[in-house]
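Welcome, and thanks for taking a look at this one with me. Here are a few points to read alongside the structure.

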Amino acid sequence: MNVLIIYAHPEPKSFNGALKDLDVSELTSLGHQVKVSDLYAMNFKAVADRDDFQMLENEDFFKYAKEQKRATKTNSFSKDIQREQEKLLWADFVIFQFPLWWFSVPAILKGWFDRVFASGFAYSSENRYDSGGLKGRKAMLSTTTGSPKQAYTPYGIDGDIHERILYHINHGMLYFAGLEPIEPFIAWTPSHNDEDRKRYLEEYKRRLNNLSEIPAISYHPTSHYDEHHQLKKEYRAF
Ligand SMILES: Cc1cc2nc3c(=O)[nH]c(=O)nc-3n(C[C@H](O)[C@H](O)[C@H](O)COP(=O)(O)OP(=O)(O)OC[C@H]3O[C@@H](n4cnc5c(N)ncnc54)[C@H](O)[C@@H]3O)c2cc1C
């Protein structure tokens, strides 16, 4: 399959860099086609602004999502956005490799989502979640933390990693745009000891060899919600 890796770490010798390198070597040796967007190396612009468009519909009042919608129709995004969107359309599977920063993605990756997951391209008011623009593709978050695993349990000080920390990315960005996110890979506190790092690299290699076996995160399709955006009673757990 075609695998796109979106990699956001400023240091090539970091543990995130090692995980990204493993992605490339392992997936290539398995016969997959691999492309990497190394956001820091590309000096990817993180700020969404007027320069993202070759022309503007309304110069007097700049409305970002409206300009995105028009640029999708007229193929007039800036070249850096176009290149990323083309890679997404090429991909069957997208891996996001990043360190957890402030319970989220580094700003350069947040900017990538703001600019590349454009209105009209990745979603519209009618097409989101299970009918989002990137439907038919899978995605996986691969991240590293500073805090230990116990801190990210339901009663842990940082909050449940799946329900509170990664939910806004898996559900609010990936699934919203139509991607099907699978369970994330998390390397907890890789800066602490070499044994753990070796174990994580082996574990990650096994995962890359079995990507199709990793379950998708289960989210409700839009048909399970009523006209007030409420989950219909028959689908509620309580
Ligand atoms: C702005 C900011 C916000 C943050 N917010 C949070 C937060 O909200 N929550 C949280 O938990 N943490 C947070 N952190 C901490 C951050 O998540 C961790 O520092 C990061 O995840 C560690 O990953 P790394 O790749 O940067 O590790 P590095 O420190 O780069 O790497 C760890 C070690 O791995 C070694 N290494 C590299 N390659 C290999 C290899 N092939 N084999 C073996 N060892 C190797 C490196 O030499 C290094 O010693 C934050 C950090 C910053 C800077």
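1. Let's start at the ligand: a polar side-chain atom of Asn16 is 2.8 Å from one of the ligand's oxygen atoms. Please keep in mind that this is a predicted model.

2. How much of the ligand does the protein cover? On its own the ligand has 1000 Å² of accessible area, and the protein covers 64% of that. Two helices, H1 (15–29) and H7 (194–209), are the elements that give two or more residues to the shell around the ligand.

3. For His9, a polar side-chain atom lies 2.7 Å from a ligand oxygen atom.

4. Which residues come nearest to the ligand? They are His9, Leu100, Phe103, Thr144 and Tyr152, out of 21 residues around it. By type, the shell holds 10 nonpolar, 8 polar and 3 charged residues.

5. Now turn to a pair of helices. H3 (residues 79–90) packs with H4 (residues 107–116) at an angle of about 85°, and their axes are 10 Å apart. Angles of 65 to 115 degrees count as roughly perpendicular, so H3 is roughly perpendicular to H4.

6. To see where these helices meet, look in H3 for Asp80, Ile81, Glu84, Gln85 and Leu88, and in H4 for Trp112, Arg115 and Val116. The residues of this contact between H3 and H4 comprise 4 nonpolar, 1 polar and 3 charged.

Methods
Residues numbered from 1 in each chain as written. Predicted model: local features only at pLDDT ≥ 70, side-chain atom pairs only at ≥ 80, totals over all residues. Heavy atoms only, no water. Axes fitted to C-alpha atoms, helices over the stretch in contact; angles between N-to-C directions. Helix = DSSP H or I, 4+ residues; strand = E, 2+ residues; numbered from the N terminus. Parallel < 35°, antiparallel > 145°, perpendicular 65-115°, else oblique. Contact = heavy atoms within 4.5 Å. Nonpolar A, V, L, I, M, F, W, Y, C, P; charged D, E, K, R; others polar. Near = heavy atom within 4 Å. Polar contact = N/O pair within 3.5 Å; in protein donor to acceptor, adjacent residues only side chain to side chain. Areas by Shrake-Rupley, 256 points an atom, 1.4 Å probe, with all protein chains shown as cover.
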